[in-house]
Amino acid sequence: MAKKDKDVKEEKQDSEVDEVHQDSLTELQEQIEALQHELEQISAARNEEKDQYMRVLAEYDNYRKRTDREKAAAYDGAAADTVVEFLPVVDNMELALAQTDCSAEDLRKGVEMIQKNLNDILSKLGVVAMGEVGELFNPEYHQAVSHIEDEALGENIIATVYRKGYRIGDKIVRHATVIVAN
């Protein structure tokens, strides 16, 4: 009987161990399922963020391409508008060169008219000439090629202008080339 009691006791212990193992196994399976669910949520969130990132990247690329096209179109438009302004000068030069029989005085008058036309166009485009005799030398606008001594002029006064300078607004297109006195 002691053997029977021992067998019953062992069966009872085995049953309790199986029950504990079953409970642990069930608990582990629930934890695994919870972790798998959490992993799926994290993966879905990552995929959504990646999708958003790709959309923003595509939007930026489209924006960059569009602004490049707009910039090129604006440049081409500005260049075309500028060329249109200078075409009458080209026409006048062609007419002047086509003249075979004219005096030097007539030729001079024609060149003066063309120069006035050019100056009017530059003014219309917002181009301002810089570097006049008698102006105070300013290295931001003028480039001195030499200095001379002249008592009639003050210190750092432009005595001679070799080439006029030009600016549009605050942008220097070309510095004036000058000789500075004293």
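Helices (H or I, at least four residues) and strands (E, at least two) are DSSP runs, numbered from the N terminus. The structure is a predicted model, in which local features need pLDDT of at least 70, side-chain atom pairs count only at pLDDT 80 or more, and totals for chains, interfaces and linings use all residues. Residues are numbered from 1 along each chain as its sequence is written, and side-chain values use heavy atoms, with hydrogens and water left out.

View 1. Patch members have over 30% relative accessible area and no salt bridge; like charges are joined within 9 Å, and nonpolar side chains (Val, Leu, Ile, Met, Phe, Trp, Tyr) within 5 Å. Areas come from the Shrake-Rupley method with a 1.4 Å probe; for residues, only the protein chains shown count as cover. Val90 belongs to helix H1 and is partly exposed at 40% relative accessibility (buried means under 20% relative accessible area, exposed over 50%, partly exposed in between; 1.4 Å probe, protein chains only).

View 2. Glu19, Asp23, Glu27, Glu30 and Glu33 form a surface patch of negative charge. Lys and Arg count as positive and Asp and Glu as negative, while His and the chain ends are not counted; a charge is placed at NZ of Lys, CZ of Arg, CG of Asp or CD of Glu. Glu33 lies in helix H1 (residues 2-98) and is exposed, with 53% relative accessibility.

View 3. Asp61 pairs with Lys65 at 3.2 Å, N to O, and Arg66 pairs with Glu70 at 4.0 Å, N to O. Arg66 and Glu70 are 4 residues apart in helix H1, so about one helical turn separates them. Glu70 is partly exposed at 47% relative accessibility.

**View 4. Salt bridge of Lys109 and Glu105.** The closest N and O atoms of this salt bridge between Lys109 and Glu105 are 3.6 Å apart. Both residues lie in helix H2 (residues 104-124). Lys109 is partly exposed at 43% relative accessibility, whereas Glu105 is exposed at 52%.

**View 5. Polar contact of His142.** His142 sits in strand E2 (residues 142-148) and is buried, with 5% relative accessibility. Its side chain makes a polar contact of 3.4 Å with that of Glu135 (a pair of N or O atoms within 3.5 Å; within protein, one must be able to donate a hydrogen and the other to accept it, and residues adjacent in sequence count only if both atoms are side-chain atoms).

Methods. A salt bridge is a side-chain nitrogen of Lys or Arg within 4 Å of a carboxyl oxygen of Asp or Glu.
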